[in-house]
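Good morning. Please keep the model open while I talk.

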Amino acid sequence: MWQVSVNKPLAPRTLANLAAAVSGGLLLAASFPPLGWWICATLGLALLGWVLADPRTRAVGGFGYGLVFGLAFYLPLLPWVGVLVGPLPWVALALVCAVFPAVFAVPAVLLRGLTGWPLWWAAWWTAVEGLKGVIPFGGFPWGTVAFSQADGPLAVFARLGGVPLLSFITALLSFCVAAVVLLVRRSNRAGFVGAVATPVLCFAVVIAAAATMTPLVRNPTGYGGSSMTVAVVQGNVPRLGLDFNAQRRAVLDNHVRETLRLAEDIRAGRADPPQFVLWPENSSDVDPFTNQDAARQITRAARAVGAPILVGAVVTRPDWSPSTPVSSNSVIVWDPVAGPGSRHDKKIVQPFGEYLPWREFFRHLSDYADRAGYFVAGTGTGVVRAAGVPVGVTTCWEVIFDRAAREAVLNGAQVLAVPSNNATFNEQMSRQQLAFAKIRAIEHGRSVLVAGTTGISAVITPAGRVVAETEFFEAAYLDSRIPLETSIAPATRWAPYVQWVLIAIAVCALVIRLISRGLNPGNAAGSSTDPTSGRVSDWVWRPIRRA
């Protein structure tokens, strides 16, 4: 009789690896807001590295451990997805995202036999994050490791090579930590000197580079002397929920009212006159181009404050119909005299929220499917002009995509605006999005203005520091003077190329490893190859000898 495998108890080592994978995922989640313990990203990835470096872990097992790690990471990271639509979409999204750490684990297991494996692993981690930013349905970069470092010392690397380089550095240090732990455990093994060279060299280079970059990014001497006063208005919504659109006039009135309060404070000398005012996404779900009353209210607010307002509005498309109410999610520069001027139509629209891919299929799976919008992607430069200043706009969802802010800055933006609508989510989501905005500020050397309907709204300096912010779910305004910048940061120019170089390194390392396996079949993947043994002379062409 054959024994059923499911009745066979898991080995203690397997249980230990599963516990480490779960702990690693939870630690990585803790590095993101609301906790924001950035050091936990290093510890979490190091635990995953420790599991995958186990000589008994084969490629299939690595996939399983990576999936467990991914679930432990994404389930606590994304509960805001299910706040109003229930647990099924939350769990489904977490499961899809968890596949990517599982995919990373397979080449990691194959590559652990090469000297310098922390480098190749970090390159693969970054490459898989890049893949996650593209598929499925346009990608979901939420959870990219770089965004966990917004308040940490490694964030300065975003100025040099953008989000890809920051993720790579974070992953590299994590896997070097795992390598050092393994070396301590196995210090009596042969090849100790050769194996220790990689983590020691990586630590030294990263520390030296961070020490050089930190004063340039965090404590700059100046921004060319150009600055302006801006205001951010958070009008709030009557109540949270998916039905907030039914109260769209009340939301518009709230933002008009808060702007009028700002105008009163300006007249009383309690606030400085801004050169422009930023309202959040969906601050006017009433189309001001077709609804004259909405247009009058916006004009009233702009005239009261004496400055143009960047209004987040839902604009009806020419091909609108009752069955397919297609719209644009737009930011309109509303001048107090001339009225509507330049505008940004959101170019990266959110699947399953602003539009529903495969609508006829998904509407059979959930009653919430029909609540998804019919928004269509816009075109343009990502830049609007307000008070003569080019303002880059990355509306809500767009801020997590590298290309949106980069395109705006390359097209002349001197400041970045992130109008958002978090009314259907919670404070955790808003704090995570604020961390993304901090990274964008550092990456491009631009002041960033975040305006949310319910919060958290903030003013962020090019050094990534929040100098003013609101509470969540309150009516408030921020009035701040911000520096303007025209120079182009290295990351703005080179970040996409950095990502492609890292992808090329990852692929080349795997190809070399597979060639090595072909030349030496005895060192098959998942064998007892020990990643902490070997000689420096084996750097490229030959797998490390077995321990």
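Let me start with the second largest pocket. Five helices each supply at least two residues of its lining: α5 (117-132), α6 (157-185), α11 (402-410), α12 (427-444) and α13 (490-519). Keep in mind that this is a predicted model.

Which helix gives the most to that lining? It is α13, with 6 residues. The volume of this pocket is about 480 Å³. There are 27 lining residues, and the closest to the centre are Gly 130, Gly 133, Asp 402, Arg 403 and Gln 499. By kind, the lining divides into 13 nonpolar, 8 polar and 6 charged residues. As for how one finds such a space: rolling a probe the size of a water molecule over the atoms shows where empty space is left.

Now the backbone. As background, most residues other than glycine have a negative phi, and most peptide bonds are trans. I have two peptide bonds and two phi angles to show you against that background.

Peptide bonds first. Pro 33 and Pro 34 are joined by a cis bond, with omega about 15°. Pro 34 sits in the loop between α1 (12-30) and α2 (39-52). The other bond runs from Ile 135 to Pro 136; this one is also cis, and omega is near -10°. You will find Pro 136 in the loop between α5 and α6.

Next, the phi angles. Asn 236 is not a glycine, yet its phi is positive, about 80°. To find Asn 236, look in the loop between β1 (227-234) and α8 (248-267). Is Asn 236 buried or exposed? Its relative accessible area is 11%, which is under 20%, so Asn 236 counts as buried.

Cys 396 is not a glycine either, and has a positive phi of about 50°. Cys 396 lies in the loop between β7 (389-393) and α11. With a relative accessible area of 9%, Cys 396 is buried.

Last, the surface. Leu 35, Trp 37, Ile 39 and Leu 43 make up a nonpolar patch there, and together they have about 390 Å² of accessible area. Trp 37 belongs to the loop between α1 and α2, where we also found Pro 34.

Key
Residues numbered from 1 in each chain as written. Predicted model: local features only at pLDDT ≥ 70, side-chain atom pairs only at ≥ 80, totals over all residues. Heavy atoms only, no water. 1 Å grid on protein atoms, 1.4 Å probe; cavity = no way out; pocket = protein on both sides within 12 Å on 5 of 7 lines; lining within 4 Å. Points joined across faces, edges and corners; volume = space filled by probe spheres on them. Helix = DSSP H or I, 4+ residues; strand = E, 2+ residues; numbered from the N terminus. Nonpolar A, V, L, I, M, F, W, Y, C, P; charged D, E, K, R; others polar. Buried < 20%, exposed > 50% of the residue type's maximum accessible area, 1.4 Å probe, protein only. Patch = residues over 30% accessible without salt bridge, like charges linked within 9 Å, V, L, I, M, F, W, Y side chains within 5 Å. Areas by Shrake-Rupley, 256 points an atom, 1.4 Å probe, with all protein chains shown as cover. Salt bridge = Lys/Arg side-chain N within 4 Å of Asp/Glu carboxyl O.
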